[in-house]
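Here is a short briefing to read alongside the model. Please have the sequence and the 3D view open as you go.

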Amino acid sequence: MIRTVLGDVDPAVLGTVDYHEHLFQVSPLLPGDELDDESASGAEARMLRRSGFRTMIDATPFGLGRDPSALARISSATGLGIVATAGRHREAHYAAGHPTRDATVSELATSFTAEIVDGQPHSDAEPTGPRALGPDGEPVRAGILKGGIDYWRISPFERITLDALAAAHATTGAAIMVHLEFCTAAHEVLDVLGSQGVSADRIVLAHADRDPDAGLHASLAERGAYLGYDGFARPRTRSDAELLSLTAAVVDAGGGERILLGGDVARRTRYIAYGGMPGLAYLGERYLPRLRVVVGDEAVDRMLVTNPARLLDLA
Ligand SMILES: [Zn+2]
């Protein structure tokens, strides 16, 4: 069973999944790149749907401009399934004095769990306030958990998040996405969560491809962890060609059962509907045809359909 903003879906009919995008996001780390306009984000979601994706994960966690009711309206209007996120990002995203900085493990675990079981708050300014409602009047629930850590560092704030995620996972069965900086401390995150009973095969390491080291990735996949590849269309850091080679090498090493694909376009200046480029459709229209040539249709369909369905299943 996979929990979307419009209700639960059978994994068998989930279809193609973009494992990492943001329809709404506002962070002090990204000034001028706010995603906060429902009609523009809805238009971009429609482009993603037309590019061949059936479902996306909206990877924006607590306190960063989320709007669960708008996600549900966009899903209903576009036919794009959306899985919403409970959790808390890495510490740098929260300004000094942000109320979430005082939260304890048990308070966070309670709120993460409530977002999956009962529904997300209408406003993150009132985490225990009224639940967000979808167009049918039903509460909008999250379907995945998320945390984040810094470059080779798990701060006390981030450790509290990880501990709370492990507790919410134990209650709900939801998978955990962890934002990594350049894929650093990946094994260490699996160790921390593993010590609290979270199996590596319930974890996806976001932005793993920021360190395109096939040997490292094979070792993470061997532990069962999912690898989130989402760095396409960023030639200033590395070219798509390098990511195609990385993917082929990891598939050859036996990691094809663990790769997930997403765009993580994430910035207003990179959304067509906000006046930027290359947009959410880049992954489906420009990158995937090339990946299909390199690793074949079967491997790509596994990354788009089979792997995300297995990860997102709340069972
Ligand atoms: Zn992201």
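**Strands, zinc and pockets**

Strands S6 (residues 142–148) and S7 run parallel to one another, paired through 4 bridges; pairing here requires at least two DSSP bridges between two strands. Helices (H or I, at least four residues) and strands (E, at least two) are DSSP runs, numbered from the N terminus. This is a predicted model, in which local features need pLDDT of at least 70 and side-chain atom pairs count only at pLDDT 80 or more, while totals for chains, interfaces and linings use all residues. Residues are numbered from 1 along each chain as its sequence is written, and side-chain values use heavy atoms, with hydrogens and water left out.

**Around strand S7**

- Another right-handed β-α-β unit is made by S7, helix H5 (residues 186–194) and S8.
- S7 (residues 176–179) is covered on both faces, with Ile176 and Val178 buried on one side and Met177 and His179 buried on the other. Buried means under 20% relative accessible area (1.4 Å probe, protein chains only).

**The zinc site**

- His20 (NE2), His22 (NE2) and Asp264 (OD) coordinate the zinc ion at 2.1 to 2.3 Å. Donors are N, O and S atoms within 2.8 Å of the metal (3.2 Å for Na, K and Ca); water is not among the atoms, so sites may look incomplete.
- Along the chain, the zinc donors are spaced as H-x1-H-x241-D.
- Both histidine 20 and histidine 22 are buried.

- The largest pocket holds about 670 Å³ of space. Its lining has 24 residues, and the closest to its centre are Leu30, Arg210, Arg234, Asp264 and Arg267.
- A pocket is an open set of points on a 1 Å grid over the protein atoms alone where a 1.4 Å probe fits, with protein on both sides within 12 Å along at least five of seven lines; lining residues have an atom within 4 Å of a point.
- The second largest pocket holds about 300 Å³. Among its 16 lining residues, Glu107, Leu108, Ser111, Pro127 and Thr128 lie nearest the centre.

Methods:
Points joined across faces, edges and corners; volume = space filled by probe spheres on them. Buried < 20%, exposed > 50% of the residue type's maximum accessible area, 1.4 Å probe, protein only. Right-handed = clockwise from strand over helix to strand, strands pointing away.
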